[in-house]
Amino acid sequence: MFDSLFGKDIYWYGVQAISLIETGELHSPDRSPVFHIVALVFRFLGTNDQSLFVFQLLTVIWLLTCLYLARYLLKSSNESWNPLPSVMVFVLGFLYPKQAWALGFLLLTYGIYFSDRFTRKYGKWLIVGIFFLCTTWFHTMVGVLGLGLWCIYKIPRKYDLILFLILVIVPYLLPTNDNDRFVVDGKTFPIYAAYEIMGIGILWDWIVLIFGKNVPDRYLSIRLNLGLIGMFLVLPLFHFADIQFRILISFLLVTEIFSQFNSKQVLITAVSFGLWFFVLIQTPNLFRYPYETMWIPGEKAASVSSNGLLVAHHGFCEYYHFQFRKDCMSWEPDDKAISELPRGTQVYRLVYGIRMENLRASKENGNPIFSLIEPMGEYQLVLENDWQHYRHWLEKRNSKLISIAKSWKNPYRKRPGFIQRKQKYGI
């Protein structure tokens, strides 16, 4: 079994592609064609972990090709072509493939837009428009980012302070929903959050984004705009892990197409790769889930005949669904999910991070809370109704375990609004 895949969403691409092959529709509506690429790889190489790895490699090759082609379009005849890769190619290619395919088109969009190689104005705009539409088709957020960068580039620099103040104030004036995608997260400072998510390498790249100016003079204006955006991203604008971090790494890659090849750029790139490699060796869990520990509990949970729906943490769910073709949710079941249960089945939950002894010792009025506890390695299989009772019991006791029971390890929120919208409208 190929158990060394990187990426915390990679098995979701497999789930979507399997559904596309078997039913002709995606498991979860999505307008991006990237899942059709995964399905194509599966048709040629089979539905397995190795095929997902091949898809990741293809994504890296695509992004690297677009990076080099955009650099070629932007360089003048008297400049040397920049042969240095960017660590963001590998970060995005392995961790966020859908975003990576869209960014490839965005790199080409900007490469053509700022290039002097196209003399016919209307023909140039047509090509730019086609690549930008492809960008938005593959990932809407990346299309919005590309348009946003262009708008900031067109705004006179004398308005930068006003723009900065607007970004500081406006998010706190807008209504927010804690269970939706765009929510202000003022509790976590973005730089610290970036360090927690990806380690010290991302901090180095962020500093270079803000202060770096190693570009030809004719691209200094757009490079200063990218640095300005880097300054904006220091503010707690959105929930960092879900939105702002992806915005950051997108602009880190866009910056690379304007860099010029010299000893300074070699040093910057070498330090970046060195720091990211150090983090990868020291804390690989930042880049992947321990998939090798999921096979046995997944196999056992799938063999329970009355298991109509499993609730488990994000990562395990995608792995379980891909390997065993059974439904799983990384959200607390809502009315829609419960109504779709096959007759004669129940909702089960894989508890993670709480020992079996703690679950067995939990009693209310002398009666055990759990009617079923099946040990499965690092996980414990219980009935969802019993788990809900247990969680409320922990809350009443103000137990220290409540922080684990209400965390990513044990999903406790219902599906947010943006996922419900995707189920209805595909966006």
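Visitor: How many salt bridges does the rule find across the interface of domain 1 and domain 2?

Guide: This is a predicted model, in which local features need pLDDT of at least 70 and side-chain atom pairs count only at pLDDT 80 or more, while totals for chains, interfaces and linings use all residues. Residues are numbered from 1 along each chain as its sequence is written, and side-chain values use heavy atoms, with hydrogens and water left out. A salt bridge is a side-chain nitrogen of Lys or Arg within 4 Å of a carboxyl oxygen of Asp or Glu. Across the interface of domain 1 and domain 2, the number of salt bridges found by that rule is 0.

Visitor: How far apart do the C-alpha centres of domain 1 and domain 2 lie?

Guide: The protein is divided into domain 1 (9–286) and domain 2 (292–416), with bounds that come from an automatic or database domain assignment. The distance between the C-alpha centres of domain 1 and domain 2 is 35 Å.

Visitor: Which element gives the largest share of the side of domain 1 that touches domain 2?

Guide: In contact (heavy atoms within 4.5 Å) are 16 residues of domain 1 and 12 residues of domain 2. Across the interface of domain 1 and domain 2 there are 0 salt bridges by the rule, and on the domain 1 side the elements that give two or more residues are α1 (10–23) and α3 (49–74), where helices are DSSP runs (H or I, at least four residues) numbered from the N terminus. The largest share, 6 residues, comes from α1.

Visitor: Which residue forms a salt bridge with D9?

Guide: A search of the whole structure finds 12 salt bridges, and in one of them, which includes D9, the closest N and O atoms are 3.6 Å apart. D9 lies in the segment before α1 and its partner in helix α12 (residues 240–256), so the pair ties together parts that are 237 residues apart in sequence. The partner of D9 is R246.
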